[in-house]
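Hello,

Here is the structure I promised to send over. Please have a look when you get a moment.

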Amino acid sequence: MGCFNSAYMMGPGERLFEQAASIQAVVGPFTVRPDGVKDDREASRYIAQVMGIVRMVETTTTGNALITAIRDARRPVLIFPLEQVDDTQAYAWTSPRMGLFAVAISFTPLFGQRLRKFLGDDENKFERVFIPQEVLVHELVHAARDVTCNYHRVDDDDEEELAVMIANMFSVEINRLPVTNYDEMDNVTGDISGFSRKYYKENFEMIEAFYRQNKTLAQQLSYSKSIFNPLRLYMDENI
Ligand SMILES: [Zn+2]
């Protein structure tokens, strides 16, 4: 079952005619395939790293809600290495596509500053160094929206802010700081529950749209054991 939005043959920076890797592994609803990695040992290492990250993410209430939503949609999702040959300098990307997989996530688990150097980004632009788990959770939000045919049913900025909000819930759940917003990505220090309330008020319309479009997922996420949980505030005050 497909969505009525447009799907692409290729994601940004994806190489035309790149051979699909001959080895792959399945973890949860994801197929991990090390396309473009010529060395067998490197390819196996890529698979093992991604599988470990997915399994860790799934142990959190936030990550579990996302992966359950993707699994329940019963549409296959591919994870393959990031090919950064375009100008967007994304840490990772998620794109709907035609063919065997409904969604492709391009993700390579490089760490913080090394990842930024790799992407040629301005290292001073953002205060925050993201860990691979946080980068993956951000992409899983896009993937969950995608497999439920809701991707880009809010405007582009809100689609990104939604991913930032839920990645923030994950970060706080694992005792890391949230970031201010998609534009700044500075660490929030100080009172997290106060920030949660402020964020909820400032992003009320986005949160309400998300609740209407992904009700089951929004409810599951509202149970997340995160102190930063604008969805719980929304549920408490509106449902
Ligand atoms: Zn994003």
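Below are some notes on the fold and its sheet.

This is a predicted model, so to speak of local features we need pLDDT of at least 70, and side-chain atom pairs count only at pLDDT 80 or more, while totals for chains, interfaces and linings use all residues. Residues are numbered from 1 along each chain as its sequence is written.

The protein chain has nine helices and five strands; these are DSSP runs, H or I of at least four residues for helices and E of at least two for strands, numbered from the N terminus. Along the sequence the order is β-β-α-α-β-β-β-α-α-α-α-α-α-α. Of its 239 residues, 40% are buried (20 or more other C-beta atoms within 10 Å of the residue's own, with C-beta atoms placed from the backbone).

The five strands make an open, mixed sheet in the order 1-2-3-5-4, where two strands pair if DSSP finds at least two bridges between them. Its edges are strand 1 (25–27) and strand 4, each pairing on one side only.

Best wishes

Notes
Buried ≥ 20, exposed ≤ 12 C-beta atoms within 10 Å, placed from the backbone.
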